[in-house]
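This report is for a reader meeting the structure for the first time.

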Amino acid sequence: MYVCGPTVYDKAHLGHGRSAVSFDVIRRYFEYKGNEVTYVSNYTDIDDKMINRAREEGITVPELAAKIIPIYEKDYEALGIKKPTIQPKATDHIKEIIEIIEKLEKDGYTYALEDGLYYDISKFKHYGELSGQNMDELQAGARVDVNDNKKGPYDFVLWKLQKEADEPAWKSPWGMGRPGWHIECSAMTWKHLGEKFDIHGGGLDLKFPHHECEVAQSVGAFGKGAFAQYFMHNGFIQVNNEKMSKSLGNFFTLEDIFKEYDPQVVRFMFLQTHYRNPINFSDGLLEQAKAGLDRVHGFVRMLEVATGAGDSSLDLDKYKKNFDGFMDNDFDTSGALGVVFDLVKDVNTLKVEGKLSKKDAKGVLELLKSFDEVLGIIYPGEILLDGKVEHLIAAREEARKNKDYKKSDEIRAELLGMGIVLEDTPNGTIWKKA
Ligand SMILES: [Zn+2]
């Protein structure tokens with residue numbers, strides 16, 4: 001899989017979070033089904049936005065990238081995104097970029113203007129097919145673009161010649177300059193996944209022209225059948241029915257939202273909507289996600305201390321089949337979460353009826369753990385997953401049994417330091433996030 005990553009000139013916003021979570025879950029589901037996934041997601045670390053922002057801040061472009069990339073990594077980790085197998089940067093692939101452009105030039109797809117080398121889309125008859133555009137109509141209605149000398153309004157730059165001395169530039173057969181935006185993804189997929197690979201993902205805003213241009217470049221260079229076999233695009237995020245933008249003042253960075261909400265709540269909120277559908281973001285949506293997630297977390301804590309003998313008629317295979325069924329239907333996480341809530345409801349009913357055994361509870365916990373390999377939201381944070389909290393709670397129980405109250409208090413304090421509050425119930429100790 002290859003998923004177009006962000007241009008690292010500014011902090012990650014909601015849209016970045018949604019795209020990363022959407023494709024993380026898709027990757028996790030492939031792995032859950034026993035596939036080995038090579039997941040490549042890039043950082044665009046050179047383009048006009050990078051150059052302008054670096055100028056504003058009085059730093060170099062590489063310094064800007066080195067400042068912003070760790071912010072993305074931190075936010076992605078908080079959202080429970082599994083680290084991509086490979087996280088390439090555009091500027092590490094100048095050699096491959098030049099090689100592809102040379103192939104395109106040799107095969108007659110390019111022409112030179114005074115500011116760089118361009119792709120002539122009239123030479124690629126499949127241009128527009130991915131996004132279902134009628135190019136004749138599109139061309140007729142096109143605005144005049146930045147460069148009036150282009151042969152067609154949708155021709156795009158492959159190699160930009162250096163204009164100002166402070167612009168990062170590399171040597172190339174066309175002169176000192178830098179790659180256009182689209183070419184980096186053709187180069188990075190080629191280097192890390194080969195001429196042909198399975199899935200290409202990204203936000204819907206990238207479908208046209210970015211992905212259309214990637215296809216023109218890669219299929220142009222490597223022939224029919226090359227490049228991604230499937231394209232997948234996640235839907236937009238609107239805020240109170242308006243497009244999210246800085247000028248409208250409804251722009252949210254992940255950092256801002258994480259100040260108010262646990263990143264897991266944000267992840268849960270994304271998964272409540274099918275990845276292809278738009279999300280109309282609001283505080284209400286986050287509150288709703290928080291309530292839902294709290295319910296699941298409370299359920300897990302209840303199961304962990306459940307007692308009771310015997311067997312109920314709980315058919316766990318049915319839930320797994322339903323869960324997989326929704327995920328098999330174009331990764332319908334909204335339906336899959338519905339299965340989790342069915343389980344919560346049904347098991348709670350059993351509990352109320354006094355029919356929930358310890359054995360059942362253990363089976364449900366195991367099932368939830370396997371669902372969580374895909375969803376990454378059921379267990380509150382990695383601390384539970386690595387067993388540290390359980391381990392400390394067990395050690396505290398042990399100390400209390402031995403009437404070593406000093407030690408028991410120390411462990412309680414240690415857990416509190418980790419943001420975990422304990423509550424002793426007749427059935428044992430349960431815990432929650434402070
Ligand atoms: Zn791309």
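The model shown here is predicted. One of its sheets is open and built from 3 strands, which follow the order β10-β9-β11 with mixed pairing. The edges are taken by β10 (242–243) and β11 (279–281); each has a single partner strand, so one side of each has no neighbour in the sheet.

Strand β9 covers residues 237–239 and pairs with β10 in the antiparallel sense, over 2 bridges. Within this pair, V239 stands opposite E242 of β10.

## A sheet of four strands

Another open sheet has 4 strands in the order β3-β4-β5-β6, and its pairing is antiparallel. At its edges are β3 (110–113) and β6 (177–179), each of which pairs on one side only. On average, neighbouring strands in this sheet are turned by 25° against each other, with direction ignored. As a general point, the strands of a sheet pair through backbone hydrogen bonds, either parallel or antiparallel.

The pairs can be followed across the sheet. β3 joins strand β4 (residues 116–119) in the antiparallel sense over 4 bridges, and T110 has Y119 in β4 as its bridge partner. β4 and β5 are also antiparallel, with 4 bridges between them; here Y118 stands opposite V157 in β5. Between β5 and β6 the antiparallel pairing runs over 3 bridges, and the bridge partner of L161 is G177 in β6.

How many of the 6 residues of β5 are buried? The count is 5, so β5 is largely enclosed by the rest of the structure.

Which helix packs on the sheet that contains β5? Helix α4 does, and it touches β3, β4, β5 (156–161) and β6. The direction of α4 makes an angle of about 120° with that of β5.

## Helix α4 against helix α7

Helix α4 spans residues 94–106, and helix α7 spans residues 207–222. Their axes come within 9 Å and cross at roughly 70°. Angles from 65 to 115 degrees count as roughly perpendicular, and α4 and α7 are therefore roughly perpendicular to each other. The crossing in which α4 passes α7 is left-handed.

On the α4 side, the contact is made by I100, K103 and L104; on the α7 side, by Q217, G220 and A221. Sorted by class, the residues of this contact are 3 nonpolar, 2 polar and 1 charged.

## The protein as a whole

The protein has 434 residues, and 38% of them count as buried. Its secondary structure comes to 16 helices and 13 strands. Along the principal axes, the C-alpha atoms fill a box of roughly 80 × 45 × 40 Å.

Conventions: Residues numbered from 1 in each chain as written. Predicted model: local features only at pLDDT ≥ 70, side-chain atom pairs only at ≥ 80, totals over all residues. Buried ≥ 20, exposed ≤ 12 C-beta atoms within 10 Å, placed from the backbone. Axes fitted to C-alpha atoms, helices over the stretch in contact; angles between N-to-C directions. Parallel < 35°, antiparallel > 145°, perpendicular 65-115°, else oblique. Left-handed = near helix turned anticlockwise from the far one by under 90°. Contact = placed C-beta atoms within 7 Å. Nonpolar A, V, L, I, M, F, W, Y, C, P; charged D, E, K, R; others polar. Pairing = 2+ DSSP bridges.
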